[in-house]
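Let's take a walk through this model together.

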Amino acid sequence: MKFRIDTFTLLLLGAIVLASFLPVTGQAAEALGTAGTIAVALLFFFHGAALSRQQIIDGATHWRLHILITALTFVFFPLAVLPVNELSTIAPEWMPKDLGLGFLYLGVLPSAVSSSIAYTAMARGNVPAAICSAAASNVFGMMLTPFLLLLLVSTSGAGEFSVAEALKDIVLQLLLPFAIGHALRSWLGGYLSRNESLMARYDQCVIWVIVYSAFSHSVVSGLWQNLPVQAIVLAILICFGLLGLFMLIARLMVRKLGFSLEDEAAVVFCGSKKSLASGLPMAKVLFSGHPGFGMIVLPIMCYNQIQVIVGAILAQKYREKIQQAKSAPAHASENGCQNR
């Protein structure tokens, strides 16, 4: 079985390399930052216009499953990253302060929409429930993420964080464009649904601009001088550990609650994933001008690439299990008829 790195991952790595050797500075950096802010607002405007109310209604009846996914995303995951941040106090040479803050931020992010749904569909799982949970996670995540981050930062002493300023920026740059876009869905929804690939490319372009701008700012501020190699290795290992832990927790809780295998696939993918598409634009708003921005977003970038690779492998395994489970009754029925 062969797995290759997708083009977008290579482009993100290219943005980091480009920023490391040719960082944007001065007036060009300010112009790129302004362009990024406008692009983020348009991004959430388009997401608001594309969100279908019917998609939410279709999966909303499975409330126990949605509560479980929400708890994994916004309760258990934030609690799990608290000990990671403590390493910044115990061993700062392994976990610099801004990297610890980045793991706190990773913990409070909403679930990934596209990959959660795509992998649930690939696994032949409960797609309507995945659509409902992932969409709701991102809508509520715009409001929950800054407050949960404030709570974790206050609890762990990770640094200063102004919830009033963050809330104002979230409302003006994210929620307001999202609401306006959704209000105009009757005019724009058809066009967006017919041009999903174009919208996906726009999402990727915005993320690329944010990554290049963010890492340029961080490189100029001494990112690579302040981030030891062992910290990068540890961050990658922790991301693998967190993903494996939450996939395991999701499976155990689903089986304890007696959900179907199709539901299990939806919970595993929606409950363990974190959104890069929402995470980077929100980080640009929440940590605007922070000298350690590149270090803060490093965990979500590492986690995203790991969840893509592991998710692809796991989705294929779930697909085989679900197909076997569906074919088993048919075989049993055929054997019963033959015995008669």
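Arg251 and Glu264 join their side chains in a salt bridge, with N and O 3.5 Å apart; the term asks for a side-chain nitrogen of Lys or Arg within 4 Å of a carboxyl oxygen of Asp or Glu. Arg251 sits in helix H12 (residues 229-257) and Glu264 in helix H13 (residues 261-272), so the bridge ties together parts 13 residues apart in sequence. Helices here are DSSP runs (H or I, at least four residues), numbered from the N terminus.

This is a predicted model: local features need pLDDT of at least 70, side-chain atom pairs count only at pLDDT 80 or more, and totals for chains, interfaces and linings use all residues. Residues are numbered from 1 along each chain as its sequence is written, and side-chain values use heavy atoms, leaving out hydrogens and water.

Glu264 also pairs with Arg255, at 3.2 Å between the closest N and O atoms, which gives a network of Arg251, Arg255 and Glu264. The whole structure has two salt bridges. How covered are the partners? Buried means under 20% relative accessible area, exposed over 50%, and partly exposed in between (1.4 Å probe, protein chains only).

| Residue | Relative accessible area | Class |
|---|---|---|
| Arg251 | 26% | partly exposed |
| Arg255 | 47% | partly exposed |
| Glu264 | 3% | buried |

Conventions. Helix = DSSP H or I, 4+ residues; strand = E, 2+ residues; numbered from the N terminus.
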